[in-house]
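Dear colleague,

I am handing over the structure we spoke about, and below it you will find an account of what turned up when I went through it. Please read the text with the structure open beside you.

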Amino acid sequence: MSSPELYAYFKRIGYDSDAKPTLETLRAIHRLHPEHIPFENLDPLCGLPAKLDMPSLQKKLIDTQRGGYCYEHNLLLKKMLETLGYRVKGLAARVRWNVPNNVTMPMTHMLLRIEIDGTDWIADVGFGGQVLTGPLRLEPDVTQSTPHEDFRLNQTGTHYTLETQIREHWVPVYSFDLHEPLMPDYELSNWYVSTHPASRFVTGLTVARTEPNCRYTLRNADFAIHPLRGATQRHRLSSLGELKNALGDCFHISLPPHANLDSQLARVLETPSA
């Protein structure tokens, strides 16, 4: 393996097996990435737009033990997969997760389309608390297992809707088509979600990470552990120290030296539960 960036990425996610562009390799990387690189929005929360150039992504998500949100995660994964020899295209989606049916969201989420031996797969390591932990065949009306929940794709015309099974219910996650945006499209959407005063990534804190047997999520001061089996455990964090300890100990985030980090974390502690 000649790429130092790829070597550093593999070290970051704990991958030490075959580096050939196979489905088995993709599944292993897809499982490990959201376990070792958390979803977090500390930069936009502190007034710093997310940077999408590759040196910035490598420094933040790999070198300094940080995380990021969808554009950062999936652009990094796209580059690493292309380095391995995969054929990868970026896609864009409208979030449906926790969004009323009568509300249409802008296309502010990024996911990936990967071709392996003539079959198209969907990969996405940047959807926060309900992130995929394995790739899905781009095939509608089939329940597909991941290391965590089951998912399926519904198709209407040229549009797909990703759904996940939460207990006995199927819940929409996001909708997308197969149009491939250009990098300026992602840059524009990224600027919007990381700077708009009404963006959830500017107004509040969203953090997530997976483990083999559970998911960890944090929305402002509301911390939750979602086991694969059993009831969700919820806890309201009550102090700045408790919040910073959770970010470090549970989500494995090396806190950035932002001058206003403490004041912004103190603000989200005062935000009522949703």
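In this predicted model, strand β6 (residues 150-156) and strand β7 (residues 159-166) are joined in the antiparallel sense over 6 bridges, and within that pairing Thr156 stands opposite His159 of β7. Both strands belong to an open sheet of 8 strands, which runs in the order β4-β3-β2-β1-β8-β7-β6-β5 with antiparallel pairing. The edges of this sheet are taken by β4 (136-137) and β5 (144-145), and because each of them has a single partner strand, one side of each is left without a neighbour in the sheet.

Is Thr108 buried or exposed? With a relative accessibility of 16%, Thr108 counts as buried, the cut-off for that class being under 20%. Once its neighbours within four places in sequence are set aside, Thr108 is in contact with Cys70, Tyr71, Ala93, Tyr192 and Val193.

Strand β9 (residues 206-211) pairs with β10 in the antiparallel sense over 6 bridges, with Thr210 standing opposite Arg215 in β10, and a hairpin of 2 residues joins β9 to β10. On to the next strand, β10 and strand β11 (residues 222-227) also pair in the antiparallel sense, over 6 bridges, and here Tyr216 has Ile225 of β11 as its bridge partner. These two strands form a hairpin with 2 residues between them, and Asn220 in the turn has a positive phi of about 55°. As for β10 itself (residues 214-219), 5 of its 6 residues are buried, so the strand is largely enclosed by the rest of the structure.

Turning to the helices, I looked at two packed pairs. Two packed helices are described by the angle between their axes and the distance between the axes.

For helix α1 (residues 4-13) and helix α5 (residues 70-84), the axes come within 10 Å and cross at roughly 120°, which means that α1 is oblique to α5. The crossing of α1 and α5 is left-handed. On the side of α1 the contact is made by Glu5, Leu6, Tyr9 and Phe10, and on the side of α5 by Leu76, Leu77, Met80, Thr83 and Leu84; the residues of this contact divide into 7 nonpolar, 1 polar and 1 charged.

In the other pair, α8 and helix α9 (residues 261-269) pack at an angle of about 105° with their axes 10 Å apart, and they are therefore roughly perpendicular to each other. This contact is made by Leu240, Leu243, Lys244 and Leu247 of α8 together with Asp262, Leu265, Ala266, Val268 and Leu269 of α9, and by class it has 7 nonpolar, no polar and 2 charged residues.

Lys244, which has its place in helix α8 (residues 240-249), is partly exposed, with a relative accessible area of 27%. Not counting residues up to four places away in sequence, Lys244 touches Leu255, Asp262 and Leu265. Between Lys244 and Ser254, which are 10 residues apart in sequence, the C-alpha to C-alpha distance is 9.9 Å.

With best wishes

Definitions and conventions:
Residues are numbered from 1 along each chain as its sequence is written. This is a predicted model: local features need pLDDT of at least 70, side-chain atom pairs count only at pLDDT 80 or more; totals for chains, interfaces and linings use all residues. Side-chain values use heavy atoms; hydrogens and water are left out. Buried means under 20% relative accessible area, exposed over 50%, partly exposed in between (1.4 Å probe, protein chains only). Helices (H or I, at least four residues) and strands (E, at least two) are DSSP runs, numbered from the N terminus. Two strands pair if DSSP finds at least two bridges between them. Axes are lines fitted to C-alpha atoms, for helices over the stretch in contact, and angles run from 0 to 180 degrees between N-to-C directions. Angles under 35 degrees count as roughly parallel, over 145 as roughly antiparallel, 65 to 115 as roughly perpendicular and the rest as oblique. A crossing is left-handed if the near helix is turned anticlockwise from the far one by less than a right angle, and right-handed if clockwise. Contact means heavy atoms within 4.5 Å. Ala, Val, Leu, Ile, Met, Phe, Trp, Tyr, Cys and Pro count as nonpolar, Asp, Glu, Lys and Arg as charged, and the others, Gly among them, as polar.
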